Amino acid sequence: MPNTTSPAWRALAEHRDSVAQSHLRDWFAADPARFSRLSLEFEGMLVDFSKQRIDQRALELLLDLTKDADLKGWRDRLFSGEKINFSENRAVLHPALRYLKTGPFPSAETDVMPQVREVRAHMRQFSERVRAGLWRGFSGEAIRDVVNIGIGGSDLGPKMVVRALSAYQHPGLHMHFVSNIDSAHLATLIERLDPRSTLFVVASKTFTTQETMINAHTAREWLCAAAGEDAERALPLHFVAVTANEEQARAFGLPAANVFRLWDWVGGRYSLWSAVGLPIALAIGMNGFERLLSGAQAMDTHFREAPLEKNLPVLMALIGVWNTNFLGAGTSAVLPYHESLRFLPSFLQQLEMESNGKTVGRDGKPLSCQANPIVWGEIGSNGQHAFFQLLHQGGWLVPSDFIASAQSDHPLPGHQAPLLANFLAQSAALAFGKTEQDARAELEAAGVPSEQIESLLPHKVFAGNQPSTTIILPRIDAYHLGLLLAMYEHKVFVQGVIWGINSFDQWGVELGKQLAGRLLPALKGETATEGLDQSTSALIGWCREYGDF
Ligand code: F6P
């Protein structure tokens with residue numbers, strides 16, 4: 001766990017006290033080179049940290065935390081395939097999934113590359129056949145709809161990337177994602193689909209996740225009912241599985257050739273680079289998928305080799321630690337401005353909150369500080385007309401990531417410049433606000449009578465000093481998306497190291513699963529509700545009375 005009494009930690013707290021009253025307005029006014037000092041460009045992606053409430057001294061002290069936490073040592077352990085996910089006795093080798101050079105993955109103790117390449121070849125062969133219309137359904141029709149059935153990491157990553165890269169998508173293939181166990185999710189989709197031209201990808205690392213398995217079984221029944229006597233032959237023509245549990249996939253009725261493997265060293269929320277990315281390969285082609293991998297690979301190399309003070313994921317992580325542990329922010333907003341990044345906030349919620357949403361360190365002791373903030377977000381344009389009021393005048397400290405691309409994904413004229421103008425205006429307004437003096441001058445210039453000015457004035461002032469990072473990609477293509485996502489992954493890793501957390505387990509999701517297992521028979525009336533808490537027992541009674549199951 002972090003030693004919050006260490007000299008570095010204490011120096012940071014003291015420094016925070018000394019800059020607590022400083023305003024971004026003053027920092028910018030005092031330093032004409034602030035933007036160039038606090039922004040970095042990598043492979044065409046610009047990351048501007050200058051609107052964070054950070055100065056050179058704070059950065060230096062934060063870099064000291066990386067020494068105390070032995071960040072370089074942990075980074076080596078990650079890339080060497082050491083079992084740093086000790087509570088599950090697993091290595092964490094997702095960077096190997098995006099390694100595109102020949103030979104073994106550098107520095108890893110076991111050579112995982114032969115199996116990784118074998119699965120990539122399998123994905124290429126399969127996705128090319130589907131995309132070329134050569135993979136036929138039971139009646140001989142080509143595939144037109146692909147339905148990914150999965151949840152959490154087996155849904156959010158591929159769904160987000162497929163949406164992000166929709167401009168590059170195969171025009172004849174429609175991609176769908178079903179995750180919710182609520183029958184409305186699957187039912188409202190399949191009523192629009194033709195089973196003869198529908199392919200299901202059942203994605204589940206464990207192949208035991210309740211939501212996924214119930215949806216997969218319902219989809220299988222739907223397909224088999226449509227195929228009638230041909231059902232047995234139809235199943236492998238319309239279903240493939242992505243899983244580390246081949247045995248269960250076989251038990252579901254799929255031959256080995258329909259199973260795309262992943263391994264225990266691929267964490268669910270880090271799995272989009274594996275065969276979990278099959279929908280991505282189907283949508284944009286395997287070459288496009290490999291461009292995504294190569295962007296992520298470039299970020300891996302940057303993370304491994306760039307000096308820490310010029311290292312994007314390290315800086316993002318340290319600034320996050322500063323905001324959370326020293327400025328006291330309990331939340332952090334992700335504000336993508338491009339429609340194609342609609343699912344990025346949910347993806348990052350799982351990545352960050354499932355990884356570092358913990359209060360116990362690797363040593364089993366309670367952390368002496370708060371770890372991950374609550375991550376949330378929305379398309380920035382929509383947020384502006386909804387919750388941004390609170391960001392501007394609500395009095396909460398909400399650090400944000402503003403994300404956009406310089407070029408648009410789509411060709412309609414007249415949209416991109418206003419989009420970017422709003423994108424830039426919001427982070428500037430949040431940082432610099434509007435002083436009472438400026439607000440008064442504006443009202444006077446508008447000819448507002450002086451007695452009205454006095455009553456309006458408090459409502460027209462913006463405190464500002466709301467920190468944000470601005471990220472601008474040249475365009476949202478596979479390569480730059482790969483860069484962006486791997487940057488966030490490594491940011492989460494670095495923060496886990498600083499906080500002394502195992503970022504790769506997720507025991508916190510187990511209790512609810514266990515309880516649901518116990519409540520199901522009670523809900524169905526097969527067992528009594530005795531022994532359950534009063535509220536849950538009464539709620540079960542209500543559901544039984546009014547439910548239709
Ligand atoms: O319950 C949480 C979780 O285990 C996530 O970590 C994971 O991404 C998701 O469920 C889905 O798991 P699986 O791929 O095994 O179905």
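Student: Is Asp-155 buried or exposed?
Tutor: This is a predicted model, where local features need pLDDT of at least 70, side-chain atom pairs count only at pLDDT 80 or more, and totals for chains, interfaces and linings use all residues. Residues are numbered from 1 along each chain as its sequence is written, and side-chain values use heavy atoms, with hydrogens and water left out. Buried means under 20% relative accessible area, exposed over 50%, partly exposed in between (1.4 Å probe, protein chains only). Asp-155 has 2% relative accessibility, so Asp-155 counts as buried.

Student: Which residue forms a salt bridge with Asp-155?
Tutor: A salt bridge puts a side-chain nitrogen of Lys or Arg within 4 Å of a carboxyl oxygen of Asp or Glu. Here the closest N and O atoms are 3.6 Å apart. The partner is Lys-159.

Student: How many residues apart in sequence are the parts tied together by Lys-358 and Asp-505?
Tutor: Their side chains meet in a salt bridge at 2.8 Å, N to O. Lys-358 lies in the loop between H16 and strand E9 (374–377), and Asp-505 in the loop between H22 and helix H23 (510–523). Helices (H or I, at least four residues) and strands (E, at least two) are DSSP runs, numbered from the N terminus. The pair therefore ties together parts separated by 147 residues.

Student: Why is Glu-290 classed as it is for accessibility?
Tutor: Glu-290 meets Arg-124 in a salt bridge of 3.4 Å, N to O. Glu-290 has 23% relative accessibility, so Glu-290 counts as partly exposed.
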